[in-house]
Amino acid sequence: MEQSIKNRKRPLDRRSFMKSSLLAGGAATISAGLLSNGALARAQDSDPGGSLNAGDVAILRFLAAAELIEADLWTQYAELGGQGDNPPVELDQNEPLNAYQAALSNLDGDGPQYITSNTLDEVSHAAFLNAFLESRGADPVNFDEFRTLQGSTATGAANIGRLTNLMHLNVDTSWFTRYRSATNPDFGATFPQALKITNRTAIPITDADFNDPNHIQVIANIAAFHFGYIEQGGSSLYAAMNQKASDPDVLKITFGIGGDEIAHFLEWVDFAGNAVQAPVAPVSDAGLTFPDFFANPPLQPATLVQPSLIFPVPCEFISPKLPHVSIIRPLSDRFGGAVATIASFTADGLFFGQSKRFLNEVNALAVAADAATRK
């Protein structure tokens, strides 16, 4: 095992196996138009069934809320760091990259395309969930009145109000150690932070942020760990919700969209690992250092932070008497449910500057979702 830790992984710009399974599209096409009434009307025209029970409605309304939040934050990443076309094609090698896109490309040559693809996926999730709710006679979720936060003013960012804030993040990096551990949070295990990232921006705030190569690389590395944090949360959330769903179509949704969230997560595990190994690491800016985890692992055993361990390590599940097995974890409401998701997003700094009314609304949706039970 010690020998494997010393080995470097494949070149950083190799294509991930997930690329063929993700949607792709230009960041410029990402807009509220994708959530238009036209999409809702089409879903209503093909009504898949009767009304849903209250628990299923609560589950879907919270998932729609979560996807609106994710679509908002990913759109900000795509505007500044995304690049690509729809349908997927090779990127034009002559098209100039801004310094943020270049720094993200240092982590994976396809990074900007993945960001755009992930963004389109989340926008499609939000649009579908709201359309499905309306098709079954339930109210959709609309957060437009809360799109009031100031985003980046760097070249490329749209001058529109945002739901989320990517400029004051406290990134929980314990997901990186959790998935390399044989223990499970649902059994009471806790996990150390791989890195301490407190009150930092994950996007360039102004054009001045493009100027220093180390500064913009650290911003990109923060984003890499934030991508993994967001998508591991979505993986656990859908898994927690599908244990509560009753209607067969709602189960299809939690399995189907939840599977896409897992596909996202696995790509960003790999991506974040590239931020903490040569040739990108070590890199420092303003008191934050991303070390080379191969050369100087910050935790022991070194496997707990080994960058090339990109799949979940087998862990305890169901009963400690059973063999360890590779799974998504957590799966319980306490750590992976709706209320836990909003608490985590709040601690992350995503809602820095948001109104108390918005927080009350998303928390009410979360409480209702966690209260759902299978009928």
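**View 1. P279 is found in the loop between α8 (248-274) and β3 (283-285).** Helices here are DSSP runs of H or I with at least four residues, strands are runs of E with at least two, and both are numbered from the N terminus. The peptide bond that joins A278 and P279 is cis, with omega about 5°. The model is predicted: local features need pLDDT of at least 70, side-chain atom pairs count only at pLDDT 80 or more, and totals for chains, interfaces and linings use all residues. Residues are numbered from 1 along each chain as its sequence is written, and side-chain values use heavy atoms, with hydrogens and water left out.

**View 2. A286 lies in the loop between β3 and β4.** Its phi is near 50°, a positive value in a residue other than glycine. A further loop, between β4 (288-290) and α9, holds P301. The peptide bond from Q300 to P301 is cis, and its omega is near 0°.

**View 3. Helix α3 packs against α8 at an angle of about 30°, with the axes 12 Å apart.** Axes are lines fitted to C-alpha atoms, for helices over the stretch in contact, and angles run from 0 to 180 degrees between N-to-C directions. The angle therefore makes α3 roughly parallel to α8; angles under 35 degrees count as roughly parallel, over 145 as roughly antiparallel, 65 to 115 as roughly perpendicular and the rest as oblique. The crossing of α3 and α8 is left-handed, a term for a near helix turned anticlockwise from the far one by less than a right angle, whereas clockwise is right-handed. Helix α3 contributes D56, L60, L63, E67, E70 and W74 to the contact, and α8 contributes V250, I253, T254, I257, E261 and W268. Contact means heavy atoms within 4.5 Å. By class, the contact of α3 with α8 has 7 nonpolar, 1 polar and 4 charged residues. Ala, Val, Leu, Ile, Met, Phe, Trp, Tyr, Cys and Pro count as nonpolar, Asp, Glu, Lys and Arg as charged, and the others, Gly among them, as polar.

**View 4. The axes of α3 (residues 54-81) and α5 (residues 111-135) come within 8 Å and cross at roughly 150°.** Helix α3 is therefore roughly antiparallel to α5. Their crossing is left-handed. The contact of α3 with α5 comprises 16 nonpolar, 6 polar and 4 charged residues.

**View 5. The axes of α10 (residues 338-348) and α11 (residues 356-371) come within 7 Å and cross at roughly 150°.** The two helices, α10 and α11, are therefore roughly antiparallel to each other. From α10, the residues A338, V339, I342 and T346 meet L359, V362, N363, A366, V367, A369 and D370 of α11. This contact of α10 with α11 has 8 nonpolar, 2 polar and 1 charged residues by class.

**View 6. The second largest pocket has a volume of about 490 Å³.** Of the 29 residues that line this pocket, D172, R178, Q232, F335 and S344 are the closest to its centre. At least two lining residues come from each of α3, α6 (174-178), α7 (213-241), α9 (333-336) and α10. By class, the lining of this pocket has 13 nonpolar, 12 polar and 4 charged residues. On a 1 Å grid over the protein atoms alone, a pocket is an open set of points where a 1.4 Å probe fits, with protein on both sides within 12 Å along at least five of seven lines, and lining residues have an atom within 4 Å of a point. Grid points are joined across faces, edges and corners, and a volume is the space filled by probe spheres set on the points.
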